[in-house]
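Reader: I'm new to reading protein models. Could you pick one part of the surface, look at it closely with me, and then carry on into the rest of the chain?

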Amino acid sequence: MQVEGSLAKGALPATIEDAMVVTAGLGLKYLWVDSCCIIQDDPQDQLRFIPEMGTIYEQATVTLVAASGSNAQAGLPGVGYGSRTDEQVALCVNGVYLLESLDPIIVAPRQQSYLGQSVWNQRAWTYQERLLSRRVLVFTDKQIFWECRKTSWCEDIHAESFSSATMYNHSLDYGDVLHASKLVQNPWGGQADFQLLYPYLVEAYSTRSLTKASDYGNAFNGIVSHLEKVYGMPFFWALPETFFSTALCWPAEYSEEEPSNFRRIAKQQLKEENGTIVDSHFPSWSWLGWSGSIRFSHLRTLRPNSLGLKYYRLGECRRILPVRDTIELDPNEGEREWRGAEFDVVNDSISSTILDNPLIHRSLIIFWSSVAPLTMIIYSRPGSPREGDARSDDVWFRVGVKHLPSASSQVSDRYEGIVVGKADNAGRGTATGGPSEPFGRLHVVLARWENGVAYRHGLISLSELDWARIRSRQWKLVVLG
């Protein structure tokens with residue numbers, strides 16, 4: 001790009017050249033193109049700009065979206081002569097002229113239009129582009145769409161409403177419109193808004209497609225950076241630290257459409273304090289570390305439920321840092337039988353083999369908790385949440401299955417259960433059919449250990465009284481990767 005003539009006609013891909021024509025036609029001087037403005041083979045440059053993409057979209061006068069074509073040579077339909085072939089058909093009925101719409105009819109109020117069902121609208125990278133941009137011009141092979149926070153227009157019909165952004169929207173479905181307004185237009189957003197917004201964003205993003213698995217965190221980074229600024233809370237691997245004990249219990253419930261979730265084996269690049277770039281495994285405890293849909297069917301809001309567990313992470317230069325979870329333990333709940341004493345977590349508490357492994361040390365959380373061996377038998381019934389039985393010390397009890405990657409109808413396997421959070425009681429009793437217990441239910445990670453590090457394989461909920469019945473449970477320091 002530093003060579004004279006690099007911007008001459010025919011030197012750039014057709015889509016970029018068309019975008020330059022549109023930019024000039026709008027009377028604007030500057031055009032941001034990701035593939036040109038971010039050096040694609042320079043990890044330092046990528047780690048500098050990718051976290052700022054949310055700000056770039058939000059501050060742009062307008063975002064140009066190429067929603068058709070399979071590559072950068074496809075161009076922007078409607079810009080060049082002959083780039084679109086579709087024409088509206090006019091019909092005359094009893095002297096009344098009717099025009100065929102280029103956009104399929106929306107039958108249900110929340111059904112997405114042709115644009116909402118496009119490939120562009122299914123890609124992971126375009127989610128932050130769509131939510132954070134103030135204004136969008138979307139170029140398709142049929143027509144051009146305009147969307148902003150006030151209205152939504154298209155070329156083929158004059159039937160838009162200035163008073164309702166949800167009456168006829170093209171790429172943003174009903175929920176997106178409502179949540180995007182909180183995300184972008186609420187600079188003083190309160191925690192109550194965030195508790196509803198975060199599960200929605202994660203669930204919607206997790207259904208989108210991605211070419212490179214290693215980009216899964218990067219494609220959500222702009223939204224994370226924006227949430228940090230708007231709501232004033234830090235994130236760690238896409239989990240909000242303020243609600244960490246609740247967000248750690250993310251579910252991925254079984255469904256016939258999405259029967260399995262699998263660990264993400266790709267690595268993400270991180271920048272160390274000294275400027276070096278290191279590869280890091282995605283953590284198993286974050287939803288970023290799994291492929292497949294995340295379904296918050298039992299956790300529609302980040303309820304401030306806490307067991308008072310203190311979580312720590314490894315920062316740069318292997319410093320032990322507390323996770324700033326601000327959810328406080330209810331002082332009226334009293335002491336728990338299964339809890340032990342919490343000690344300070346220091347570097348000497350962790351094996352040097354773990355501390356010196358750059359692939360994992362930036363994706364670890366460390367905490368004291370109650371653990372116990374569990375043998376699981378899981379049942380799945382079409383159309384119903386999965387349930388199962390757990391056995392420990394020859395005692396069986398019923399559990400609710402919130403996440404387990406296996407798709408088989410009955411699974412029997414051994415794990416170590418690790419208490420990580422508090423689940424809603426919801427009036428459920430113990431395995432013996434007794435009344436609901438005063439302490440409610442626990443969220444327990446099903447984990448397996450490798451070289452001193454535990455890795456999440458699933459998540460269950462069970463009665464706290466049942467957990468207290470396990471004689472072989474221990475209180476120990478957990479390193480979860």
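**A patch on a hairpin**

Author: Val89, Leu91, Val93, Val96 and Leu98 make a nonpolar surface patch of about 410 Å². This is a predicted model, in which local features need pLDDT of at least 70 and side-chain atom pairs count only at pLDDT 80 or more, while totals for chains, interfaces and linings use all residues. Residues are numbered from 1 along each chain as its sequence is written, and side-chain values use heavy atoms, leaving out hydrogens and water.

A patch is built from residues with over 30% relative accessible area and no salt bridge; like charges are joined within 9 Å, and nonpolar side chains (Val, Leu, Ile, Met, Phe, Trp, Tyr) within 5 Å. The areas come from the Shrake-Rupley method with a 1.4 Å probe, and for residues only the protein chains shown count as cover.

Strands S2 and S3 each supply at least two residues of the patch. Helices (H or I, at least four residues) and strands (E, at least two) are DSSP runs, numbered from the N terminus. S2 covers residues 90-93 and S3 covers residues 96-99; the two run antiparallel and are joined by four bridges. Two strands pair if DSSP finds at least two bridges between them. Ala90, for instance, has Leu99 in S3 as its bridge partner. The hairpin has two residues between its strands, and Asn94 takes a positive phi near 55° there.

Now look at Leu98, a member of the patch that lies in strand S3. Leu98 counts as partly exposed because its relative accessibility is 44%: buried means under 20%, exposed over 50%, and partly exposed in between (1.4 Å probe, protein chains only).

Strand S10 (residues 267-271) pairs with strand S11 (residues 277-281) in the antiparallel sense, over five bridges. Lys267 stands opposite His281 in S11. Five residues sit between these strands, and Gly275 takes a positive phi near 95° in this hairpin.

Asn218, in helix H8 (residues 218-231), is in contact (heavy atoms within 4.5 Å) with Ile50, Trp125, Gln128 and Gln268, leaving aside its neighbours within four places in sequence. At 11% relative accessibility, Asn218 counts as buried.

Another helix, H7, has 16 residues (191-206), which should span 22 Å at 1.5 Å a residue; its end C-alpha atoms are 23 Å apart, which agrees. The expected span is 1.5 Å times one less than the number of residues. Among the buried residues of H7 are Phe194, Leu197, Tyr198 and Leu201. An α-helix has 3.6 residues a turn, so residues three or four places apart point the same way.

Finally, charges. A salt bridge is a side-chain nitrogen of Lys or Arg within 4 Å of a carboxyl oxygen of Asp or Glu, and the count comes to eight. Glu241 forms one with Arg324, their closest N and O atoms being 3.8 Å apart. This pair links distant parts of the chain, 83 residues apart: Glu241 is in the loop between strand S8 and helix H9, and Arg324 in the loop between strand S14 and helix H10. Glu241 counts as buried, with 1% relative accessibility. In another pair, Asp466 and Arg469, the closest N and O atoms are 2.8 Å apart. Asp466 is buried at 2%, whereas Arg469 is partly exposed at 37%. Shared partners also join Glu241, Arg313 and Arg324 into one salt-bridge network.
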